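Please look over the sequence and the model shown here before reading on. The report then takes up a few local features in turn.

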Amino acid sequence: MLSLFLLFGLEGETLKYVCIAVGAVALLLIVLAIVVGVRSRKKNKPLKSTQATQQPQPAEEPIETVSQPVEEEPALAVEEHEVEEEPAHEAQEPEAEEEPAHEAQEPEAEEEPAHEAQEHEAEEEIAHEAQEPEVEEEHPPIPEEKDDDRDDINDDKEEDEQVRKVRRIDGHVRYIIIKYNKSFTAKIIQSSDEVKAYYSEIKNELLSYEGVKSRMSWKGETFYAGRVTYAKLCVRGKCLSLFLALNPQDYLDSKYIVDDMTQIATYEKTPCLYRLKNDRRIKYSKELIESVMDGRERLSELEEVDWASEYPYEETQPLVDRGLIKELTEEDAQSGDVFLPRDCVLASEVDELMQDDVAVALVEETEEISDKTKTDIVNIDTLSKCFENGETAALEEMKKRIPAINRKATYIKVLARGTLDKQLTVIADSFSIEAVKMILLTGGNAVKKKNS
């Protein structure tokens, strides 16, 4: 600028005043620019406020409609276009200010719907979780109730066990049908561990009341005090049954699934039948026992007894021997012969003439004990040659008559071979099943020693 002044010939004082004037003009322009900028800010503030009021409205319901956020874009574009129509030197500053303002508004518009959506999802999850336990609490008990309701006739069916046996009657070998009449004690002995545990628990519960005693009979165990009978335990089929001195009609529509036995004279004093089939019924039975005791005091001190341990399992025959099981034989079943004795039998045909179970059932046993020090074998056809009809073939006699047998033998096994045409009683330590059949089919006896 100084060179420009020098070009026009301005020097000294004149140059000084010209520079001052130019500075004043520049200062004036700066002041005017500041004033215009302030006015432009005031004009932009209403625009920003309208943007702030318009944008949150669609954001309040982000879930209900999707089209509202899309409509915002043209509105914002128009507003920005209106701002850009201002003079270039004035619009630069608002543009720099609008970007942070616009960025600040978008999070505000997004924060509220996001927060509301999270709350809505959380409420749905809580409601869903609150419903699931209700479903789990309703359904599991239903199968148990059905199981309790399913009191099949087989639960009450008295065990009428039948066993087919083979016996000699009047010189004839016959099939005999044996029926077992089992006592309550025998039924408990041969019951499952679960039934025994239920029996022990209920018996302890009944005896926990003052003055109550028990009496065992053939058909059951009765619990009484003086002349009053309170309850009776029986085993019907494979189920432990509790009979109580209650009116069954009072419990027909209750949770206690009882049966009315008033029509049966045996249960005249205890007509209310409750079957003890699971742990829940054991719990309910104690409530029924409390009702039947009708306020009777409990013993202050009662030692629990493991009654089940007093009845370990036993087979049927020992219980028959002890008189706890009675054998009932049907006479009509004795009319048929198992087989008719033959004069001669071949080893190859015995399986067709006699069943294995019949042969095993007809083997007799002696009290003599086997000695396995020195073993040997003998065949049926050899016995047929060396012994006469009706004789007994024992070890010592075999050593004398059969040269092939070791004289030091202490243990003899009899095997089937060839033909047997004599009725013999053979005493040996062991038999093949075919050898037994040959002896029996000719009318003889197979006698086996006891194993040591």
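This is a predicted model: local features need pLDDT of at least 70, side-chain atom pairs count only at pLDDT 80 or more; totals for chains, interfaces and linings use all residues.

Residues are numbered from 1 along each chain as its sequence is written, and side-chain values use heavy atoms, with hydrogens and water left out.

Helices (H or I, at least four residues) and strands (E, at least two) are DSSP runs, numbered from the N terminus, and two strands pair if DSSP finds at least two bridges between them. An open sheet is formed by 3 strands in the order E12-E14-E17, with parallel pairing. Its edge strands are E12 (375-379) and E17 (430-431), each of which pairs on one side only. Strand E14 (residues 411-415) is joined to E17 by 2 bridges, and Val414 stands opposite Phe431 in E17.

Helix H16 (residues 433-441) is mostly covered, with 7 of its 9 residues buried, where buried means under 20% relative accessible area, exposed over 50% and partly exposed in between (1.4 Å probe, protein chains only). Among the buried residues of H16 are Lys437, Met438 and Ile439. Just after H16, Gly443 takes a positive phi of about 85°.

The structure holds 0 disulfides, a disulfide being a pair of cysteine sulfur atoms within 2.5 Å.
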